[in-house]
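Okay, thanks everyone, let me get the structure up on the screen.

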Amino acid sequence: MSTRGKLGALLALAAMLCVTPAGAQEAAAKWPDKPVHFVVPFAVGGSTDLVMRRVADELGKETGQPMIVENRVGGGGLVGSSWLTRQKADGYTLMIGTVSTHAMHPSVFKSLPYDIFKDFTPITMIGSIPDLIVVNPAVPAKTLQEFIALAKAKPGRITYGSGGPGTSSHLGAEYFAAEAGIKLNHIPYKGSGPALVDALGGHVDMMLDVIMTSLEPVKSGRMRALAVTSRERSPLLPDVPTVSELGIKDFEAIIWFAIYGPANMPADVQQRIADRIDGVLKQPGMQAFLLQQGIQVVAAGPAQLSAQMRTDYEKWKRVVRISGFEPQ
């Protein structure tokens, strides 16, 4: 390249660098000025899909732009998550992630096609939902303390169902067992739905299940709720105590839903999207809808989501290690 050519290239690069901050600010101010594409890495009809579609619908009404929701299913969330990392970081292709995809997976899988901290831009946490520790009514334990005593008297003989190895229902139960000093017998299923069916039928004794799906069986008396796994009681079952209240201090095993973009999204765009989504989440109608699903709205922006990711990554890494679970 000639000297003149090199000088021209340098001047073009300098000009681009000078306008980039202003360009990012302008892009943030306009967001969204065209359709936004949201990816759900789980199947249609599940809790993650339900939440994303409602948020997208309300965001579309608020902004006047189409919000397109697409399910890219496979690998327990790996397929959709991996696809997002290859998209343009302009704020128009986003995804809904969960505690599984963005905190547990690095410890559950031997290798991932991405780094949860480097390959995503955290936007905001939608909300969190606790599990219930539920038992079949035939189990002779009316309280969590009685259940722990029963498990200690029968080490390895009390069974629990889960949605499969490495899922939140599996690791949550192992976390509880470790903290309680008991040994339970894990019966994995292909999804939490079949596990709950067998718990209702008495084929397994116990499980950790999201309050969204276990609420009706508990209220109808077909399952017994011993405790809720959040730090505070759920408004849906205010008489059910937390695990922490019952003696296992600081215990928390929650599922959360959050919005992410690809890595290297401009900070102005990142914050703009967080503000628009948080505004929708704080609407009374949206909060009421999510609470019906057992979800407490968080809507606190990128910094809190990043901190929660780091905290939960470290916690579930420890749980995987102590549980003896072999990464897949």
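Predicted model: local features only at pLDDT ≥ 70, side-chain atom pairs only at ≥ 80, totals over all residues.

What does Phe 147 touch, once we leave aside its neighbours within four places in sequence? The contacts are Val 135, Val 139, Ala 141, Ile 158, Phe 176, Ile 182, Leu 184, Met 206 and Leu 226. Take Ile 182 from that list: Phe 147 and Ile 182 are 35 residues apart in sequence, and their C-alpha atoms are 10.0 Å apart in space.

Now zoom out to the helix itself. Helix 5 covers residues 144–153, and its buried residues are Leu 144, Phe 147, Ile 148, Leu 150 and Ala 151. Looking down the axis of helix 5, you find those buried residues within an arc of 160°, so they line one face of the helix.

As for partners, the buried residues of helix 5 pack against strand 4 (120–135), helix 6 (168–180), strand 7 (206–210) and strand 8 (224–228).

Let me step back to the overall picture for a moment. The protein chain has 11 helices and 10 strands. Its C-alpha atoms fill a box of roughly 85 × 40 × 30 Å along the principal axes. There are 328 residues in the chain, and 52% of them count as buried. If you take contacts with a separation of 6 or more, 77% of them are between residues 24 or more positions apart.

For charges, we have 32 positive and 29 negative ones, and their mean positions are 4 Å apart.

Okay, on to two serines. The one I'll take now is Ser 214, in helix 8, residues 211–219. Ser 214 has 2% relative accessibility, so it counts as buried. Where does its side chain reach? To the backbone oxygen of Val 210, at 3.0 Å. Not counting residues up to four places away in sequence, Ser 214 also touches Leu 132, Val 134 and Asp 209.

The other serine is Ser 81, in helix 3, residues 78–85. Ser 81 has a relative accessible area of 0%, so it is buried. Again leaving aside neighbours within four places, Ser 81 is in contact with Pro 41, Met 95, Thr 101, His 102, Tyr 114 and Phe 120.

Next up, backbone geometry. Which two residues does a cis peptide bond join? That's Trp 31 and Pro 32, with omega at about -5°. If you want to find it on the screen, Pro 32 is in the loop between helix 1 (3–30) and strand 1 (36–40).

Then there are a couple of positive phi values. Asn 264 has phi near 70°, and Asn 264 is not a glycine. You'll find Asn 264 in the loop between strand 9 (254–262) and helix 9 (267–281). Ala 299 is another non-glycine with a positive phi, about 50°. Its loop runs between strand 10 (296–297) and helix 11 (302–323).

What about accessibility at those two spots? Asn 264 is at 72% relative accessibility, so it counts as exposed. Ala 299, on the other hand, is at 5%, so it counts as buried.

One more before we open it up: Asp 57, which is in helix 2, residues 47–63. At 39% relative accessibility, Asp 57 counts as partly exposed, because that label covers what lies between the 20% and 50% cut-offs. Have a look at Met 67 too: Asp 57 and Met 67 are 10 residues apart along the chain, with their C-alpha atoms separated by 6.8 Å.

Notes: Residues numbered from 1 in each chain as written. Heavy atoms only, no water. Buried < 20%, exposed > 50% of the residue type's maximum accessible area, 1.4 Å probe, protein only. Helix = DSSP H or I, 4+ residues; strand = E, 2+ residues; numbered from the N terminus. Arc of directions from axis to C-beta. Contact = heavy atoms within 4.5 Å. Lys, Arg positive; Asp, Glu negative; His and termini not counted. Charge placed at Lys NZ, Arg CZ, Asp CG, Glu CD. Polar contact = N/O pair within 3.5 Å; in protein donor to acceptor, adjacent residues only side chain to side chain.
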